[in-house]
2 protein chains.
Amino acid sequence: MGTTQLETVPEPKYWHLKTVLTEALDSEFSVGEILPNERDLAARFGVARATLRQALEQLELEGRLQRRRGVGTTVAPPRVGVAVGTEQHAWPGAASDAWQPVDCDQAAPPTAVAKALETGADEPVHTVRRSRMSHGQPVATEQLYIPAASVPDLTAIDAPSGPARARAVLRELQHLTLEGQDRAVELGSARADDAKELDRLPGSPVLVVTTRFFAAGRTAALSVATYRADTCRLTFGDSPDVEIHHDPEQRAS
Amino acid sequence: MGTTQLETVPEPKYWHLKTVLTEALDSEFSVGEILPNERDLAARFGVARATLRQALEQLELEGRLQRRRGVGTTVAPPRVGVAVGTEQHAWPGAASDAWQPVDCDQAAPPTAVAKALETGADEPVHTVRRSRMSHGQPVATEQLYIPAASVPDLTAIDAPSGPARARAVLRELQHLTLEGQDRAVELGSARADDAKELDRLPGSPVLVVTTRFFAAGRTAALSVATYRADTCRLTFGDSPDVEIHHDPEQRAS
DNA sequence: TAGTGGTCTAGACCACGGG
DNA sequence: CCGTGGTCTAGACCACTAT
């Protein structure tokens, strides 16, 4: 009764491979250890390299492996918890919010961003780029869109672009009263520039966190942050130290 | 200067294909429309089917396409915003929290769950399975782990399993005073059972939301929710109606 | 039964990283 | 330079869905 599925269906090879490899990773390998190369592994399991790669891709997606061209495949450490929701109700750039200003310029935003900011499609906004590190590794990049109206007192005290400019814009932002904020998380694939900064290939899976900041009845700033999906676990509470998950098919009945 | 990259690197075919297809989707197709089959598309673009598939996979990951075996590839509607963080500080099962109880039994949880609940590894806990719908489609499944200590007054009023039992357990939970909660989001791949319920293939990318509920100084319940990554955008604020994102490489400089 | 996407193979060549 | 993972090909067969 219930879901008594005898599964006459033959399990795909890559799926079974993934299970086997997962168990091997749990028992016979330690973090940082490098695996045999793909050609050897494929031969050892008696499958084509493409099939072996399908299994490795999934394991990398799940954060169990790390593959680097020209180097090899290594066992990844557990995902690092990255706090996203702690500094509730604080402007980006407040105190030290784990982000590091990288650059800033003034340009017309993508149409979707312009819509969210309720600015004209061609009206230039301040675009701050920031990056976030964890354990010495880059884990996220961010584009912060700030309409000129949100930083009215910004003067030409600094260069029109560069990190100094970024800091100046963020400093001005603090003068506004933050009335609320709004977050969304979705899966995306890394653009070429983000990928380069995250030390990944273009198209790598990323978690995209979109945050809207409200002030004076408007959307005063919009942040689009791109986190490496393979290495990050986004935490929204107070304790970024949990580690649930990672159990292959642990459910029978 | 800065990042003046002339890119002597030849762009991978599948990446270029993805760009072309994205533009085609934006301009020439409407939601729900079915694309030519993979063999025809591959021929039309002069690439092998495997290469074409690599592009389609990415587009599906980004929620632009929906592929179904035996049917075809269709243009997906924009991702649906799914509220995850609104009902702050409420027990699962309170009022109507968008989740529908499916089943419940009492079994020893996976070790990682047992650790988070601070129960013995072999101590059975109530395991409630719930599912969540949106626009008539299943978007998430959940496993709720509730230690027996959290529902001390639970009697044998109902069957030891089944939806009725699930509701009884959730009802008992409300009697506790919720002291706080804790959330994390990470990328995962669908287990076979979850995949079946979400109408996806095993291994499909999913967003795993882990929530800990605190009461009486302990972790009184633990929820592991699995959302379809292709169709869902998880929202944590009050307005699930934003739509940022979706712009191919809209950054030159 | 016909047509779709999903899996798999056995090759080939390329881009990158490190000696 | 060599060895690694990344890309690509041209096939084959299978599982599923609709008719």
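How many residues surround DNA strand D, and which are the closest?

## Residues around DNA strand D

In this predicted model, DNA strand D is surrounded by 27 residues. The closest are Asn37(A), Arg49(A), Arg53(A), Lys13(B) and Thr51(B). Of the atoms of DNA strand D that come within 4 Å of the protein, 69% belong to sugar and phosphate.

Sorted by class, the surface near DNA strand D has 11 charged, 9 nonpolar and 7 polar residues.

## Contacts with phosphate oxygens

Arg53(A), one of the closest residues, has a side-chain N or O atom 2.8 Å from a phosphate oxygen of DNA strand D. In chain B, a polar side-chain atom of Tyr14(B) lies 2.9 Å from a phosphate oxygen of DNA strand D.

Several elements give two or more residues to the surface near DNA strand D. In chain A they are helix 2, helix 3, strand 1 (65-68) and strand 2 (72-75). In chain B they are helix 1 (13-28) and helix 3 (49-61). Helix 3 of chain B gives the most, with 4 residues.

## Helices 2 and 3 of chain A

Helix 2 (residues 38-45) and helix 3 (residues 49-61) of chain A pack with their axes 9 Å apart, at an angle of about 105°. Angles of 65 to 115 degrees count as roughly perpendicular, so helix 2 of chain A is roughly perpendicular to helix 3 of chain A.

Helix 2 of chain A makes this contact through Glu38(A), Arg39(A), Leu41(A) and Ala42(A). Helix 3 of chain A contributes Arg49(A), Leu52(A), Arg53(A) and Leu56(A). By class, the contact has 4 nonpolar and 4 charged residues, and no polar ones.

Conventions
Residues are numbered from 1 along each chain as its sequence is written. Chains are lettered from A and ligands numbered from 1 in the order in which they are written. This is a predicted model: local features need pLDDT of at least 70, side-chain atom pairs count only at pLDDT 80 or more; totals for chains, interfaces and linings use all residues. Side-chain values use heavy atoms; hydrogens and water are left out. Axes are lines fitted to C-alpha atoms, for helices over the stretch in contact, and angles run from 0 to 180 degrees between N-to-C directions. Angles under 35 degrees count as roughly parallel, over 145 as roughly antiparallel, 65 to 115 as roughly perpendicular and the rest as oblique. Contact means heavy atoms within 4.5 Å. Ala, Val, Leu, Ile, Met, Phe, Trp, Tyr, Cys and Pro count as nonpolar, Asp, Glu, Lys and Arg as charged, and the others, Gly among them, as polar. A residue is near a molecule or strand if one of its heavy atoms lies within 4 Å of it. A polar contact is a pair of N or O atoms within 3.5 Å; within protein, one must be able to donate a hydrogen and the other to accept it, and residues adjacent in sequence count only if both atoms are side-chain atoms.
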